[in-house]
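Colleague: Hi! Could you walk me through what you see in this one?
Modeller: Happy to, let me put it on screen.

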Amino acid sequence: MKNRNQTSISLSLLLFTILPTVLFCQKNTSAAIEKYMQAQLEINNFSGTVLVSKNDTVLFKKAYGFADYEQKIKNTIDTKFQLASVTKQFTAAAILQLVQEGKLSLNDPLSRFIPDYPKANQVTVHMLLSHSSGLAMGFKNIATSTMSADSAYNEIKKMPYEFEPGTNTAYSNIGYYLLAKIIESVSGEKYSTYLQKHVFEKAGMYNSGVIRNDALIPNKAKNYIKEQDRYISNPYINWDINYGHDGVYSTVDDLALWDKALYGTSLLSEKMKQLMFTPYNTQNWGYGFVINPFYNHGHELIAHDGGFFGAMTSFNRFTKDRLLVTLLSNNESLSHIIAYGLSALVFQKEVSLPYKHKKIKANLSNYKHYTGQFGTIEIIKMGTKLYYNSMELELIPESKTKFFRSDDNDRTVEFLADKNGNYNSIVVTKGGVKEIFTKNNPN
């Protein structure tokens, strides 16, 4: 049997052998992320902040671009960003806190809290949380109006249901807008006050809050949208209306604190977290999160993205790997696509860097051979053009066999010929990550 000194020496030798390898891999990953993000800045003009951490150790954290284009004020790691739909997870957490305290039930009908809403007796809190209420997607025109909160509510009430409550699934901002109203009704506090006291402060998120029309928020980034080849300021958003599904602001450091809190029980019990992280339908919606979406790289993922007038956000928790990838942008940079590439880098997958795509003259002779259903992707030919899944997404040629999407240069499609010259496979590249899809009915 080894004595204590021999055991200590053995452990020291083992650590000496392993530790440099671990540090070398981490260093390589951080360097790869740095190179990838620099290319996103130079090629795609990424503006925002990014944080990647594993086992609570930061692999990469950096700010890019401008918080204020007019004044040339740069984004910093402390810059606060509108979270858009990443807000939904905080609304869901608040509802589950109230359930935990016995103040409401997931089976409670909407009519208990908002009795005058159409079909309120048929809609439950669970349906609102899991996007199965049948309520419409959203109310963008109302959110950008100057009408009062009461007038907006009366207009939202007129919006028809997409299906009978509980019979289907469809993503709904209105559902989370109503959940915020339920929080106010049950707690007796404003939505912003409730989140500040019971969520942000408990998690130590002192750079987070809810945007209000009259609030002055230091270090908050302005939002910009791209119009043709230039950036313009985003339109007015009425924050007396646009909340519950949107409205929270935060920093990447605060989101790391939020991620850490979700592994513990200071905010939600294990039972409530299990409810939050359970997929309830074929679209994998939990409460405020999507559970193991198709872009999970084969790893357990709890995530949500957001986008609304300049704000583009992504929050990704690979829970078995204890990996967090989060990006916040204020100029419509495709945070969700970039996050997909970054997580692939951490998982040691091959990831290509973004590059400038140049349109060439189309070679129409092969177009008829490119069409068909490749898994979930349909390639359509109409006239002299190819389209991706719908007539809204044109594929623009950059070589005889490779095309880039008209809406997003970081997504390409390349047609592969087999030994017989048939094009029965495509390589789809998204954020630099390649996936192969085969034709459903090959030649």
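Colleague: Which residues have the most contacts inside the largest nonpolar core?
Modeller: First, keep in mind that this is a predicted model. The largest nonpolar core holds 79 residues, and those with the most contacts inside it are F90, Y117, I182, L195 and W258.

Colleague: Let's take I182. What is it in contact with, leaving aside its neighbours within four places in sequence?
Modeller: With those neighbours set aside, I182 is in contact with I95, L104, L110, F113, I114, V125 and L128.

Colleague: Now the aromatics. How many aromatic pairs are there?
Modeller: The count comes to 24 aromatic pairs. One of them is F90 with W258, a tilted pair at 4.5 Å centre to centre, with 40 degrees between the planes. F90 lies in helix α2 (residues 88–100) and W258 in helix α8, so this pair ties together parts that are 168 residues apart in sequence.

Colleague: Is F90 buried or exposed?
Modeller: F90 is buried, with a relative accessible area of 0%. W258 also counts as buried, at 0% relative accessibility.

Colleague: And what about Y370 and F415, how do their rings sit?
Modeller: Their ring centres are 4.0 Å apart and the planes are at 10 degrees, so that pair is stacked. Y370 belongs to helix α11 (residues 367–370) and F415 to strand β19 (residues 408–417), so the pair links parts 45 residues apart in sequence. Y367, Y370, F374, F403, F415 and Y423 form one aromatic cluster.

Colleague: Back to α8. Which of its residues are buried?
Modeller: The buried residues of α8 are V252, D254, L255, W258, D259, A261 and L262. They cover an arc of only 165 degrees around the axis, which puts them on the same side of α8.

Colleague: Why does the length of helix α8 agree with what you'd expect?
Modeller: Helix α8 (residues 252–263) has twelve residues, which at 1.5 Å a residue should span 16 Å, and its end C-alpha atoms are 17 Å apart, so the two agree.

Colleague: Nice. Which ring does the charged end of R322 sit over?
Modeller: The charged end of R322 sits over the ring of Y263, 3.6 Å from its centre. R405 has its charged end over the ring of Y388, 4.6 Å from the centre.

Colleague: One last thing: where is T319 found?
Modeller: T319 is in the loop between β12 (311–318) and β13 (323–329). T319 counts as buried, at 17% relative accessibility. Leaving aside neighbours within four places in sequence, T319 is in contact with Y263, E300 and I302.

Definitions and conventions:
Residues are numbered from 1 along each chain as its sequence is written. This is a predicted model: local features need pLDDT of at least 70, side-chain atom pairs count only at pLDDT 80 or more; totals for chains, interfaces and linings use all residues. Side-chain values use heavy atoms; hydrogens and water are left out. A nonpolar core is a set of buried Ala, Val, Leu, Ile, Met, Phe, Trp, Tyr and Cys residues joined through side-chain atoms within 4.5 Å. Buried means under 20% relative accessible area, exposed over 50%, partly exposed in between (1.4 Å probe, protein chains only). Contact means heavy atoms within 4.5 Å. Helices (H or I, at least four residues) and strands (E, at least two) are DSSP runs, numbered from the N terminus. The expected span of a helix is 1.5 Å times one less than its number of residues. The arc is that of the directions from the helix axis to the C-beta atoms. Rings of Phe, Tyr and Trp (its six-membered ring) pair if their centres lie within 6.5 Å; planes under 30 degrees apart count as stacked, over 60 as edge-to-face and the rest as tilted. A charge sits over a ring if NZ of Lys or CZ of Arg is within 6 Å of the ring centre and within 35 degrees of the ring normal.
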